[in-house]
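Please open the model in your viewer and keep the selection panel at hand.

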Amino acid sequence: MPWHRETFKKIKQIPREEHVLPGTALCAGCGGLEALRLAAKVLGDDVVYVNAAGCFTMLAAYPFTPFKGSWLYTTMGSAPAGAQGVRDALDVLIAKGRLPKEENLKVVVLGGDGSTYDMALSSTSGAIYRGLDFYYFCYDNEAYGNTGMQLSAATPYGARTATSPCSLQHPSGAIQEKKDIFEIWRAHKPPYIATVAPRYPLDLEEKFARASTFTGPKLFLALSACPTGWLYDPGETPEVAKLAVETGLWPLKEAINGEVTHTYIPKRKPVEEYLKLQGRFRHLFEPTRQDEAIRHIQARVDEYWLPVGGS
């Protein structure tokens, strides 16, 4: 059954007001910041952001902050536990009548893929298991971006990172496949999970609007194109981010109470068009083209989309 947007059908319906203001210290062309700005247009100002150590640590440095809401900094592995404390404190204040229900706040975890896929997975699993009423926003740039682009469990096969260089032993760079964190989260049976990409803003806005109707864990994986770590010009972020979806490497989907729906099925361009734009994959094409590695990446994408019905 085709997926239909119910709230955001036209670009002009996206609120113009900004809730994450400009002037941050993040890298130019950061896809994660673009995704967060769009998400905040639905989340609004009444938010406590619980930020795991990572690239987004650079968003707020005392006494400066781009957020109209509140911001709390935690270690890389403990943001969901911090969110639990904030949520419990709000619930206690409301129960005691010290905080009116209409002044309740949303609790949003911000974590990179290093935190999400690796460091904080135990803490996140516990929060989902307890049914914590919060949003988890993962900006996935497929490496430990804040400390020099080291390999993470989100790094895709064939990418070069600081700790997975191309070598005689491993000419393709990273040899492991990207961890399927979407399915790991889905196994916990939260009410809502989604993948989003900022180059598809109506899809992103619609999903945050849908998530707001659920009580419990609401989990988002946001494609976060990274010019600094992926080695391309910041001005090419829109093209790189769009090709990630159009090649099928980044499926747009949601799971409501475990039932998965793909919200956009691309006609699918060859993955090579996406790979060629990024320096982290340059070794697959120069000085000798590695056809076997490129075919491997394409085959994995084809295998994923075969049961979905993508062309």
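The stops below go from a strand pairing to the salt bridges.

This is a predicted model, in which local features need pLDDT of at least 70 and side-chain atom pairs count only at pLDDT 80 or more, while totals for chains, interfaces and linings use all residues. Residues are numbered from 1 along each chain as its sequence is written, and side-chain values use heavy atoms, with hydrogens and water left out.

Four of the five residues in S7 are buried (under 20% relative accessible area, with exposed over 50% and partly exposed in between, for a 1.4 Å probe and protein chains only).

Next, select Lys178 and Asp140, whose side chains meet in a salt bridge at 2.8 Å, N to O (a side-chain nitrogen of Lys or Arg within 4 Å of a carboxyl oxygen of Asp or Glu). Lys178 lies in the loop between strand S4 and helix H5, and Asp140 in strand S4, 38 residues apart. Asp140 is buried at 0% relative accessibility, whereas Lys178 is partly exposed at 24%.

Finally, select Arg268 and Asp302, which form a salt bridge with the closest N and O atoms 2.7 Å apart.

Methods
Helices (H or I, at least four residues) and strands (E, at least two) are DSSP runs, numbered from the N terminus.
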